[in-house]
Amino acid sequence: MSTLVVDCPTGLAGDMLLAACLDLGVPPEVIHQPLAALGLGDAYRLVVEESLNGGLRGLQLEVEASAAAEHRHWRDLRLQITEAALDPLVKTRVLAVFSALAEAEAAVHGSSPEQVHFHEVGAIDSLVDVVGVCAAITFMAPKRLLCLPPPAGRGTVQTAHGCLPVPVPAVLELARKHRVPLRSGPALPSGELTTPTGLALMAVLAEAFEEPGDLVVEAIGVGLGHRQLDRPNLLRLLRVDEMPVQAGELAEPKAPPEQQNLAWQELVVQEAWIDDASAEDLAHLAESLRQAGALEVVTTPALMHKARQGVAMTALLLPDRAAALRAVWFGQGPSLGLRERRQGRWLLWRRMGLCPSPWGDVRVKQVRRPGGHTTLKVEHDELRRVSLQAEASIEQVRITVLAQGDRFRPLEDWSL
């Protein structure tokens, strides 16, 4: 299974991504089928043609709307997507991308995501781009999807909200919330280079915003931008074979047939042994690591050099947070060295939902176990909240809530 790499030297936009997918060989029907399932088959025309930009070839894509875009709230669009007969993974990805867009637009306009209008999270062209790219990536089923840091652009751009600084507010909010690095500097062309739709797609679909290691390129898809710059305006989608894992790294194992509901997640483990910090200093370092993206931070006693009592502090994190956490270790901790290794874990799919109770709805986590059956768990904070409200014991609340398990109502799609 190959890795996909998005190289976006002059821009990251939905139409460029979709054009690159088509240039890489994704059949057009992969894009049209989910759009038809959403009832949009007659709402657009996809114009794709081979062209040149800055002397380099690629595919250029334009979405022509068949009618004026209907302005709907995000809650209406979400219902339309949820009820459509889409591939489950495509549906999950499309919902996640539009949720990211709606949350970013809501944050910059001071409203709630439910109040964001359809034209703000994407008219028909953005809807085609988002659904098309999600369907194309799902069709190609890469082992990993990496994206090089996209360009921020500079200057100003005219929008429906008037003249805005570049990067536009929604792009900055997406980059902040999803911790996406943006390239900047005077060497970049002026104008908007990264669009909210393009960044939201990569914020959801890309595993990391970094350059891959040694690789062998298998195929290249090129999507051209519409603007003429002082250099070729293009996005390249590379299908590559990454070199075999190095010592200390783990290849993804294959789950046995009876455990196909398990998902493998690659982790990084960072660890330092510390004997020259107070309890307060250690607590501050652990909290700083969590805020920088650590999934968990634990400490265990360690008898160290010269029989000094110390602690071994260990952080578990996703690979794309490794650099950020190193900065915390060396910037806020006393250690002069840091051990780091690749590791992995098996995860069960889960989702949050509600169960009714005599004290109102209670948030419950539903877990899908190997074999396909599900179990429910009420988190302790929720048990404590209801227990204090109801003046009942925690155990009584747990038994009462779990007895309503057949009335569980999901609030979200399955995730890891």
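## Around Arg144

In this predicted model, Arg144 touches Ser2, Thr3, Leu4, Glu207 and Glu242, leaving aside residues up to four places away in sequence. One of those neighbours, Glu207, also pairs with Arg144 through a polar contact, side chain to side chain, at 3.1 Å.

As for where Arg144 sits, look in strand 4, which covers residues 144-147. Its relative accessible area is 16%, and the cut-off for buried is under 20%, so Arg144 counts as buried.

## Helix 4 against helix 8

Now for a pair of helices. Helix 4 spans residues 88-109 and helix 8 spans residues 196-205; their axes come within 9 Å and cross at roughly 125 degrees. That angle is why the two helices are described as oblique to each other. The crossing of helix 4 and helix 8 is right-handed.

Who does the touching? On the helix 4 side you'll find Arg93, Ala96, Val97, Ala100 and Leu101, and they meet Pro196, Thr197, Ala200, Leu201, Val204 and Leu205 of helix 8. Sorted by class, that contact comes out as nine nonpolar residues, one polar and one charged.

## Glu105, also in helix 4

Helix 4 also holds Glu105. Is this residue buried or exposed? Glu105 has 10% relative accessibility, so it goes down as buried.

Note on methods: Residues are numbered from 1 along each chain as its sequence is written. This is a predicted model: local features need pLDDT of at least 70, side-chain atom pairs count only at pLDDT 80 or more; totals for chains, interfaces and linings use all residues. Side-chain values use heavy atoms; hydrogens and water are left out. Axes are lines fitted to C-alpha atoms, for helices over the stretch in contact, and angles run from 0 to 180 degrees between N-to-C directions. Helices (H or I, at least four residues) and strands (E, at least two) are DSSP runs, numbered from the N terminus. Angles under 35 degrees count as roughly parallel, over 145 as roughly antiparallel, 65 to 115 as roughly perpendicular and the rest as oblique. A crossing is left-handed if the near helix is turned anticlockwise from the far one by less than a right angle, and right-handed if clockwise. Contact means heavy atoms within 4.5 Å. Ala, Val, Leu, Ile, Met, Phe, Trp, Tyr, Cys and Pro count as nonpolar, Asp, Glu, Lys and Arg as charged, and the others, Gly among them, as polar. Buried means under 20% relative accessible area, exposed over 50%, partly exposed in between (1.4 Å probe, protein chains only). A polar contact is a pair of N or O atoms within 3.5 Å; within protein, one must be able to donate a hydrogen and the other to accept it, and residues adjacent in sequence count only if both atoms are side-chain atoms.
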